[in-house]
Every structure is written in structure tokens, then in C-alpha cells.
Amino acid sequence: MELKEAIERIAAMEQCFDTLQNAVEADPMVLREEFFQEKLQELVRYYEGGQWLRDYALDERGLLPGTLKRGVLSEDGVYNFLAQLTETEEYLSFEGL
């Protein structure tokens, strides 16, 4: 059951990560919109709250299916994305973090 939940969570976080990356690439100002603020907050909680690390460990142990898209688990993906956002005024004014 725990593995199934992890797979569902990773898929949801992957979608969140993709949504944010695509939106910010098109227009960083989208971070001023409530929808994207909520998505960003969700991603940050996942990454910084320890769940990312537990999911990463499952991947490292080879427990996740090969068909699962998991860019969100790349060692530098989320970190680099968040670091890039800290350079923007929109992120610095984000109140949810």
C-alpha cells in the first residue's frame, strides 16, 4: 500500500513540477496568480518537508516502476528550479514560503 501511495504522490508532484516549469518559462509573472502560488507552495512542502527524500530513496532502491515519469526526483531538478525562482521578484514577493 505504501508503494502505491508513493507512486501516486510522485505522479502528482511530477505534474505540479511540470505545470510550474512550463508556466514560469512562458511568463514568470504567473507566480502572482493564486493557482501558481498554491502549486509552488505544494512543491516546496514536498521538497523541503522530507517526503521528496523518502521518495528519492525508493527510486534509488529500484522500487518504482520504470514507466513512472519522475523528473521531480532528479537530484538537482527541483533545487535548481527553486534557486532560479529566488532570482525573480515574483518569487521573492511570494508570501507562502
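Which residues have the most contacts inside the largest nonpolar core?

**Figure 1. Overview of the predicted model.** The model is predicted, so local features need pLDDT of at least 70 and side-chain atom pairs count only at pLDDT 80 or more, whereas totals for chains, interfaces and linings use all residues. Residues are numbered from 1 along each chain as its sequence is written, and side-chain values use heavy atoms, with hydrogens and water left out. The protein chain holds five helices and zero strands (DSSP runs of H or I with at least four residues for helices and of E with at least two for strands, numbered from the N terminus). From the N terminus the order of elements is α-α-α-α-α. Of the 97 residues, 38% are buried (under 20% relative accessible area, 1.4 Å probe, protein chains only).

**Figure 2. Close-up of the largest nonpolar core.** L20, L43, V72, F81 and L82 have the most contacts inside this core, which has 27 residues. A nonpolar core is a set of buried Ala, Val, Leu, Ile, Met, Phe, Trp, Tyr and Cys residues joined through side-chain atoms within 4.5 Å. Two or more core residues come from each of helix 1 (2–26), helix 2 (34–48), helix 3 (51–60) and helix 4 (77–86). Helix 1 gives the largest share, eight residues. Beyond its neighbours within four places in sequence, F81 is in contact with F17, L20, Q21, V24 and L43 (heavy atoms within 4.5 Å).

**Figure 3. Close-up of helix 1 against helix 2.** The two axes come within 10 Å and cross at roughly 130° (lines fitted to C-alpha atoms over the stretch in contact, with angles from 0 to 180 degrees between N-to-C directions). On the helix 1 side, R9, I10, M13, C16, F17, T19, L20 and A23 take part, meeting F35, F36, K39, L40, E42, L43 and Y46 of helix 2.

**Figure 4. Close-up of helix 1 against helix 3.** The axes of helix 1 and helix 3 lie 11 Å apart, at an angle of about 115°. The two helices are therefore roughly perpendicular to each other. L3, A6, R9 and I10 of helix 1 make the contact with Q51, D55 and L58 of helix 3.

Technical notes
Buried < 20%, exposed > 50% of the residue type's maximum accessible area, 1.4 Å probe, protein only. Parallel < 35°, antiparallel > 145°, perpendicular 65-115°, else oblique.
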